[in-house]
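I opened the notebook with a plain plan: look things up one by one and write down what turns up. Here is the model I worked from.

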Amino acid sequence: MAHHPDDNTNVSNNEHFNDVLAQASISRRSLFKGGVGLLAVGSLPMLAACGGSSSSAPAAGLAFTAVGKSILDNVILPPGYTYTVLHATGDRLVSSIPAYSNLGTETDEWSMRVGDHHDGMDFYYIGADGKYSTKPTDRAVLAVNHESSADAHFFHPNGQTSNGVNGKKFSQFGNWDLGTRPALEVLKEINHHGVSVVELRKSDTSWTYVVDSLYNRRVTAQTPVRIAGPAAHMDDIKNFMVTAFDTTGATARGTLNNCGHGITPWGTYLACEENWAVYFNMPVGSNAVDAKTAESRRRYGVARAALSATATSGSGQGWYTPSETDNRFSRWNIAPIGSGAADDFRNEPNTFGFNVEIDPLTNGTPAKRVAMGRFAHEAAVFGLPVVGKPLAVYQGCDSRNEYIYKFVSAANWDEKDIGGGMAAGDKYLNEGKLYAAKFNADGTGTWIELTITDPRISGYATYSFANQADVFINARHAADAVGATKMDRPEWGAVNPANGEIYMTLTNNSSANRTPGKTDAVNPRGYADADGKKGTGNPNGHIIRWKEKDNLSTATAFNWDIFLFGAEEDMPANVNLSGLTAKNSFSSPDGLWFSKATGICWIQTDDGAYTDETNCMLLAAIPGKVGDGSKISVENKMVVSGTEVTAKQDTFIGAALGEANLRRFLVAPKGAEVTGITETADGKTIFVNIQHPGENTTAIGTATDFTHTSQWPGNAGYGPKGRPRSATIVITRTDGGVIGL
Ligand code: FEO
Ligand code: CA
Ligand code: CA
Ligand code: CA
């Protein structure tokens, strides 16, 4: 949550669906009295049309005791479950460097340590031949995104140093008082971003990571990457990527702020770049960029305070300040300094905002997949692959009022490409169509292709598109132009292996965007939280789902409903629409993932609205299917500018799950979000990421001024005590059974 500045840069007129439809005939009361009925576990739909999946629906219901709300500084699990820490921020990948001090005293060796802010991740078995294996073995690699971000204060002895005139120590997306930052601090910060790949080995039932494995690898914000896209548009794409680092625009450096992820059907990893826009600066007195570049930057929130010659500062970390000539630093200064783009780094922001494909089992060069669009990528989830059909990838752009996108490959899926590495990626992820979602008030939706041949895009007044490359790279503008639906911050997607339906979390939205007069059918709530942290707008978020027409990846029409509404259990019925109780109340859903072994839908939260009552959490759900619920009329009520406003909003809600089919499984330590989850093939081990425990710790003054709001995982016996650390935990059942059932 700390990774989102005031991130609404969507000032397009794309509106919410304010049409007031006929009042729903089914009241919430009848819904919760059981008029619709709890989902019968045995009725879970199995998908015949998408055959070839090894998935299974739950054979039995959730079989663990729900965990209560907790504000303790530890990981809380149901009775009969246990966890170990696999690795935490700063753990070494090689034995030739010292074990992590947790005192901020490391030198520039972070490219040989596990990064920070563990986020999306996935698990890949290593076969006897040392290559990707679809069959379980006792060796694997785990690829983990390190979202990192602005709060790098734990990695220096005394917090971040600005050397600015105001003496500020650090700032989360605030303005640095731009003195010259110490080069070592900046290098450490650059290198704890990115992705880590570590080898895991299983002995008995436990998995541990292998120091000095040849598979251990870091991709950081400095790692060389390849720019990849459609052959017909590569010259135009490269023109946008020209910098002093590569004047041809064919390559760039690194990946930033990797949040959610994707796993491809051929066994590679997609690291998605989310809040990459905040790392750049336009120093005071810089020359202005051209108007088109300024409009592109405005829409993406790049150096937002600094689009003109009168720039006084920018968000960012001051990474450019140590040197004007060493381009490890000067690349973060995006002012037009030279006579053209090949002389400076004005185009550096164009090289971020993509899905970055990494083969976790080789040392190959990662590739930025431009055709999948440039935005604040949260995650990239593949629809169920069908042999002989194109692949679909569902993607959220996580900022307030942003859109949901779909990429459809030009190539048809061929199982012979499993294990095909980056070459398979080139086959499926370079050529294809990019769409944005429009949700209609009647429960239908459409995918609108983002193409320069659409006159709404080629003739768009706000931003003048040069070509299709420009459409991919400025996809937000293209989606504005075609009237995509503004959503309540799209986070992760997930695909139900039982029926191919797609789920996506909409984590929350603010009162500036959702009031009773500014809702629509798919973002239907505008309300106030009455107790504790009294957020307004849609402070608790919801989860939508949709079913493609005829289950086709290429469908341009779909049906949707709302799977769950986040809420505190003591909120009124017009807010707590899903009937949540103390055993399954949640707020701000973010991570979302289906187990292929058990069919359970796992929901993770990254919340700041309910944290007065409980830390963030992981819940297990057994879902039904799109359309299993009913049409309802939401009675919104909220004080807007001192006046109470009420309005009704019709929408479609899934069947109530009840405590039988929705339960809290884990509560995290203080200040942490829960994000990233994967499993072993037998469903008996799950890996979960605990990100930024103690996030709100402030670091002002000397080391002794750190007031750690969390001590985890040191307080749980892992590593040096003191500063909190992000970590991957390994969860098993003490009786060795399958997780959750
Ligand atoms: Fe990095 Fe949108 O969460
Ligand atoms: Ca509250
Ligand atoms: Ca409450
Ligand atoms: Ca997230």
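Before counting anything I noted the rule: helices (H or I, at least four residues) and strands (E, at least two) are DSSP runs, numbered from the N terminus. By that rule the chain has 10 helices and 35 strands.

**Ground rules.** I'm looking at a predicted model, where local features need pLDDT of at least 70 and side-chain atom pairs count only at pLDDT 80 or more, while totals for chains, interfaces and linings use all residues. Residues are numbered from 1 along each chain as its sequence is written, chains are lettered from A and ligands numbered from 1 in the order in which they are written, and side-chain values use heavy atoms, with hydrogens and water left out.

**Whole chain.** I looked up burial next (buried means under 20% relative accessible area, exposed over 50%, partly exposed in between, with a 1.4 Å probe and protein chains only). Of the 741 residues, 63% count as buried. Then I checked contacts (heavy atoms within 4.5 Å). Among those between residues at least 6 apart in sequence, 69% join residues at least 24 apart.

For the geometry I needed cut-offs. Four donors count as tetrahedral if all angles lie between 85 and 135 degrees; four count as square planar and six as octahedral if opposite donors are over 155 degrees apart and all others between 65 and 115; anything else is irregular.

**Calcium ions, ligands 2 and 3.** I took these two together, as they lie 4.5 Å apart and Asp-531 bridges them. Asp-531 lies in the loop between strand 23 (527–528) and strand 24 (536–537) and Glu-568 in the loop between strand 26 (557–565) and strand 27, so the pair ties together parts that are 37 residues apart in sequence.

For ligand 3 I listed Asp-531 (two OD atoms), Glu-568 (OE), Asp-570 (two OD atoms) and Glu-613 (OE), at 2.2 to 3.0 Å. The angles there run from 47 to 151 degrees among 6 donor atoms, which makes this arrangement irregular. Its donors follow the spacing D-x36-E-x1-D-x42-E.

Are these residues buried or partly exposed? Glu-568 is buried, at 0%, whereas Asp-531 is partly exposed at 25% and Asp-570 is partly exposed at 48%.

**Helix 4 on helix 9.** I read that two packed helices are described by the angle between their axes and the distance between the axes. Axes here are lines fitted to C-alpha atoms, for helices over the stretch in contact, and angles run from 0 to 180 degrees between N-to-C directions. The axes of helix 4 (residues 291–300) and helix 9 (residues 475–482) come within 9 Å and cross at roughly 85 degrees. That makes helix 4 roughly perpendicular to helix 9 (under 35 degrees is roughly parallel, over 145 roughly antiparallel, 65 to 115 roughly perpendicular, the rest oblique).

On the helix 4 side I found Glu-295, Ser-296, Arg-298, Arg-299 and Tyr-300, meeting Ala-475, Arg-476, His-477 and Asp-480 in helix 9. 8 of the 8 residues of helix 9 are buried, so the rest of the structure largely encloses it. Just after helix 9, Gly-483 takes a positive phi of about 80 degrees.

Key. Donors = N, O, S within 2.8 Å, 3.2 Å for Na, K, Ca; no water.
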